[in-house]
Amino acid sequence: IREIVTDPKTHGLLYIVKNDAGEGVAVRSSWNGAKPKIVFASPLSNWNPISLEDGRVFFTLKPADNVSGFAYELKSDGTIAPRVQDVPGLTFLPHSSSAAVLFGASAGETLALFVQASDKSRVVPLDIRTVADKCAWDPANKNPVAYCAVPQFVISKTFLNDWYRGAIHTNDSWWRVDAESGAVEQVFSPSESDGAIDVENPVIDSGGERIAFMNATDKTLWLLRLLK
């Protein structure tokens with residue numbers, strides 16, 4: 001198993017394996033691995049599965065700087081539909097209960113972040129430079145709103161490659177993103193006493209009151225209380 005996530009709707013598992021032909025195969029199964037069912041197969045094996053609470057499933061290629069990335073949605077009839085295509089260094093974060101998505105790009109030594117409020121609305125470039133992996137959607141907000149950790153400085157020309165392997169760390173501030181308007185607003189910047197905070201794995205509680213995340217610098221757990 002190369003990647004594995006829980007399936008909130010079926011209370012089972014969704015995982016990626018590499019078969020003898022070198023293909024990437026996505027499999028759904030019960031929690032103990034029983035009743036496996038192949039739902040997706042590709043000549044490429046480097047896929048990340050995303051399983052949402054409303055039952056939607058996405059597959060994204062693992063991101064790398066300057067390398068075209070793609071995100072696909074697995075439809076209920078078993079077909080695959082493209083959601084975001086041919087974005088270099090693609091990082092991808094779909095909303096858990098709407099068609100809104102955040103996605104990042106890393107190309108030409110530059111980070112960029114974009115938002116799309118629905119699959120039929122226009123793609124809006126945001127005035128912050130970060131990756132979608134540093135963002136989380138607020139489940140309590142009726143409108144699609146996300147909170148993103150934004151590096152104050154990016155010191156690497158190949159940010160994704162270096163950040164994923166832990167060769168570099170960032171010092172992040174927190175920003176609020178309104179998906180419908182594309183407006184961004186800073187909500188928190190760490191003080192010197194906090195030290196450098198390199199955000200990874202952020203999640204927001206169901207009430208939209210707190211963001212839990214890890215500091216990649218030392219793997220400590222942090223909690224940010226949101227004032228609304």
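**Disulfide and pockets of the predicted model**

Cys135 and Cys148 form a disulfide, with their sulfur atoms 2.1 Å apart. The structure described here is a predicted model, and a search of the whole structure finds 1 disulfide. The pair links distant parts of the chain, with Cys135 in strand 13 and Cys148 in strand 14 (residues 145-151), 13 residues apart. Because the torsion about the S-S bond of Cys135 and Cys148 is about 115 degrees, the disulfide is right-handed. Both Cys135 and Cys148 are buried.

The largest pocket has a volume of about 1,300 Å³. Its lining comprises 41 residues, of which Leu93, Asp133, Cys135, Asn201 and Pro202 are the closest to the centre of the pocket. At least two lining residues are supplied by each of strand 1 (3-7), strand 5 (47-51), strand 6 (57-61), strand 9 (91-94), strand 13 (135-137), helix 1 (159-164) and strand 17 (199-204), and the largest share, 5 residues, comes from strand 17. When the lining of the largest pocket is divided by class, 23 residues are nonpolar, 11 are polar and 7 are charged.

The second largest pocket has a volume of about 270 Å³, and its lining consists of Arg28, Lys35, Lys37, Val39, Gly55, Arg56, Val57, Glu73, Leu74, Lys75, Ser76 and Gly78. Two or more of the lining residues are given by strand 4 (37-42) and by strand 7 (68-74). By class, the lining of the second largest pocket has 6 charged residues, together with 3 nonpolar and 3 polar residues.

Notes. Residues numbered from 1 in each chain as written. Predicted model: local features only at pLDDT ≥ 70, side-chain atom pairs only at ≥ 80, totals over all residues. Heavy atoms only, no water. 1 Å grid on protein atoms, 1.4 Å probe; cavity = no way out; pocket = protein on both sides within 12 Å on 5 of 7 lines; lining within 4 Å. Points joined across faces, edges and corners; volume = space filled by probe spheres on them. Helix = DSSP H or I, 4+ residues; strand = E, 2+ residues; numbered from the N terminus. Nonpolar A, V, L, I, M, F, W, Y, C, P; charged D, E, K, R; others polar. Disulfide = S-S within 2.5 Å. Buried < 20%, exposed > 50% of the residue type's maximum accessible area, 1.4 Å probe, protein only.
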